[in-house]
Amino acid sequence: MARDDHDALSAATRALVDATATLTRVLGDQARTVVPEVGATVAQSLREASRGLAVASETVSRTARTASPAGTGTAGGTGTGTDGADAPAAGGARAEDRRRQRVDRTRADLLAAAARVIAAKGYEGASVGDIAAEAGYTKGAVYAHFGSKEEVFLTLARDRLHITIESPDATIPGVTVDGVDEEAVAGWLCGVQDDPRILLSLEFLAYGLRHPEASGELARLHVASHEVLADQVAEVRRARQGADAVPGTTQDDYDTALAVISVLNVATLEGRLTGSPRLSPQAGARVIARLLS
């Protein structure tokens, strides 16, 4: 079979893998809502099909890489001219790009699935098989990309906490140098509260406390996140005080940031648990406004 044919077949197989994985999640969720027993059967069947297709995709890709002689040039060429010499290199670069994209997509799928599963079951309760099944891959894919459940979890923590630190949206929406928009803060907190991955933050903390050997990196990430918020608090404070403001980020700013973090946790986690208006996102927004006024 010609290389182009292999590439086309491999691409089509990968597309089918992706479509089946998506269908697994959508139909499985819908079916479980209507008829739980049928839903479980449907979801399991789709996962098995998705895993089979993933294996087939990798097989086709390996076959495509080995089927074409390394020195073959363009159709009808011998690989000795300028065009013939450049073609394999260009083809190899494209193949490497496709391979890298496939690897990145698989890692992203597995991490997204891990976030959902660990948020639902906790780190201790989640298994490699649960993560693989949720993503529509085999357990072998998890071990190939991460090596262990612990490495999946730590990678997830790095990604999510680094996003918190490095993202332009890391600061609290609705809090600006012009003041605090309570409605915007409350809306953001409601969104955080409704996110099923909200429990991941607790899992990161619990894991670090239970596994001191891994706590160093997690501690540094949490400290850095606190510093980002303290810098935002300092910016608001300096704008409010004007020319008389103490420059930089002060100890009071760090203390205020700690208070804000405490309010955020109560207004999202305890608010979600209790449903009490006194522990709600709206109450949290009012307290944050007072802390930053």
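This is a predicted model: local features need pLDDT of at least 70, side-chain atom pairs count only at pLDDT 80 or more; totals for chains, interfaces and linings use all residues.
The largest nonpolar core comprises 30 residues. Within this core, the members that touch the most others are Ile-118, Val-152, Phe-153, Leu-156, Leu-200, Phe-204 and Tyr-207. Six helices each contribute at least two residues to the core: α3 (82-125), α4 (128-135), α5 (139-145), α6 (149-166), α8 (200-210) and α9 (215-241). Of these, α3 provides the largest share, with nine residues.

Leu-200 illustrates how such a member is surrounded. With residues up to four places away in sequence left out of the count, Leu-200 is in contact with Ala-115, Ile-118, Ala-119, Leu-156 and Arg-160. Another core, of 17 residues, lies apart from the largest one; Val-175, Leu-189, Leu-229 and Ile-288 are among its residues.

Attention may now turn to the pair α8 and α9. Their axes come within 9 Å of each other and cross at roughly 140 degrees. Angles over 145 degrees would count as roughly antiparallel, and α8 and α9 are therefore classed as oblique to each other. The crossing of these two helices is left-handed.

At the residue level, α8 contributes Phe-204, Leu-205, Tyr-207 and Gly-208 to the contact, while α9 contributes Ser-215, Leu-218 and His-222. Classified by type, this contact between α8 and α9 contains four nonpolar and three polar residues, and no charged residues.

Technical notes:
Residues are numbered from 1 along each chain as its sequence is written. Side-chain values use heavy atoms; hydrogens and water are left out. A nonpolar core is a set of buried Ala, Val, Leu, Ile, Met, Phe, Trp, Tyr and Cys residues joined through side-chain atoms within 4.5 Å. Buried means under 20% relative accessible area, exposed over 50%, partly exposed in between (1.4 Å probe, protein chains only). Helices (H or I, at least four residues) and strands (E, at least two) are DSSP runs, numbered from the N terminus. Contact means heavy atoms within 4.5 Å. Axes are lines fitted to C-alpha atoms, for helices over the stretch in contact, and angles run from 0 to 180 degrees between N-to-C directions. Angles under 35 degrees count as roughly parallel, over 145 as roughly antiparallel, 65 to 115 as roughly perpendicular and the rest as oblique. A crossing is left-handed if the near helix is turned anticlockwise from the far one by less than a right angle, and right-handed if clockwise. Ala, Val, Leu, Ile, Met, Phe, Trp, Tyr, Cys and Pro count as nonpolar, Asp, Glu, Lys and Arg as charged, and the others, Gly among them, as polar.
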